[in-house]
Amino acid sequence: MVVYEFDPWGSEWCTCGRKYSLNPYTGCAHACTYCYITSYIPKGFQARLKRGLVKRLRRQLPKLDPGVPVTISNSSDPYQPLERRHRQTLACLRVLRDFRVMIVTKGALVQRDAGVLANMRAGVAVTITTLDELTAGRLEPGAPAPEERLRALQVLAERGVPTICRIDPVIPGINDDFRELVRELACAGVRHVTSSTFKPRPDSWRRVAAAFPEHRERLRELYFTRGTRVQNSRYLPEGVRRRLMLELRRECLRRGITFGVCRERLGIPMPSCDGMHLIPAA
Ligand code: SF4
């Protein structure tokens, strides 16, 4: 099996509708400091191919419900460097051409497939956590620069592909200055923003604390003294999460961009958390 029901650890805080999850690669070379895949994928930052992926996908296809959208991907980046040569994500798109598909990526390479995506019921969510290159380099050392990702969003929007930006995760004091980013997203034609505050697990906390030693003690206090635990993740105090998400929402709505949050349980109204409302159901 290569396609699974999306189920983020059975979280009661998840507001996604039913959707499938397909990862064309195992692991991810983008090696984001805040990433949670290392908590369940051995050698998570060593990306590798999946053997016989397309054949296995074709075999599974008749068993899938064509009314359920497929997200590509949740536990690896479908447009990470391996894709340039191996084109596994592109091959999967061709097999899934009759499905609704949501791409989730930081790879500017996604613009290569703009023509294919424009002829499907597809949306593309590109994560940009900050426009500041130095901060992005510390947060996402293996990913393309924010400017390149912004450009990819613009190219896709110009081809008529619904575009979403994931400003995810937001870490207070590190990437919580939203105004300029949202303005650039609006100029690039982005239609929806999904956001979420950083929810560290032990390994992602260690990496973030090491990458931002000047913020370590302040964040430790926020997460581990004043914050709470939800399943295996630490959460910021509710008041801090609410302030951050409402501030970002205000900026988005002001620019005509819809807004949703991921696993925050703040009662914020949203057309969908992940931007799926932009992809036609039929
Ligand atoms: S791009 Fe996504 S899956 Fe890849 S390392 Fe970054 S957060 Fe993890």
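Predicted model: local features only at pLDDT ≥ 70, side-chain atom pairs only at ≥ 80, totals over all residues.
1. Pro-169 sits in strand β8, residues 163-170. Strands here are DSSP runs of E with at least two residues, while helices are runs of H or I with at least four residues, and both are numbered from the N terminus.

2. Residues are numbered from 1 along each chain as its sequence is written.

3. Have a look at Ser-73 too, in the loop between β5 (70-72) and α2 (81-86). The peptide bond from Ile-72 to Ser-73 is cis, and its omega is near 5°. As background, most peptide bonds are trans, and most residues other than glycine have a negative phi.

4. On to phi, then. Arg-87 isn't a glycine, yet its phi is positive, near 55°. You'll find Arg-87 in the loop between α2 and α3 (88-95). Arg-87 counts as partly exposed because it has 16 C-beta neighbours inside 10 Å. The cut-offs: 20 or more other C-beta atoms within 10 Å of a residue's own make it buried, 12 or fewer make it exposed, and anything in between is partly exposed, with C-beta atoms placed from the backbone.

5. Gln-231 is another non-glycine residue with a positive phi, near 50°. Look for Gln-231 in the loop that runs between β10 (228-230) and β11 (233-235). Gln-231 has 14 C-beta neighbours inside 10 Å, so it counts as partly exposed.
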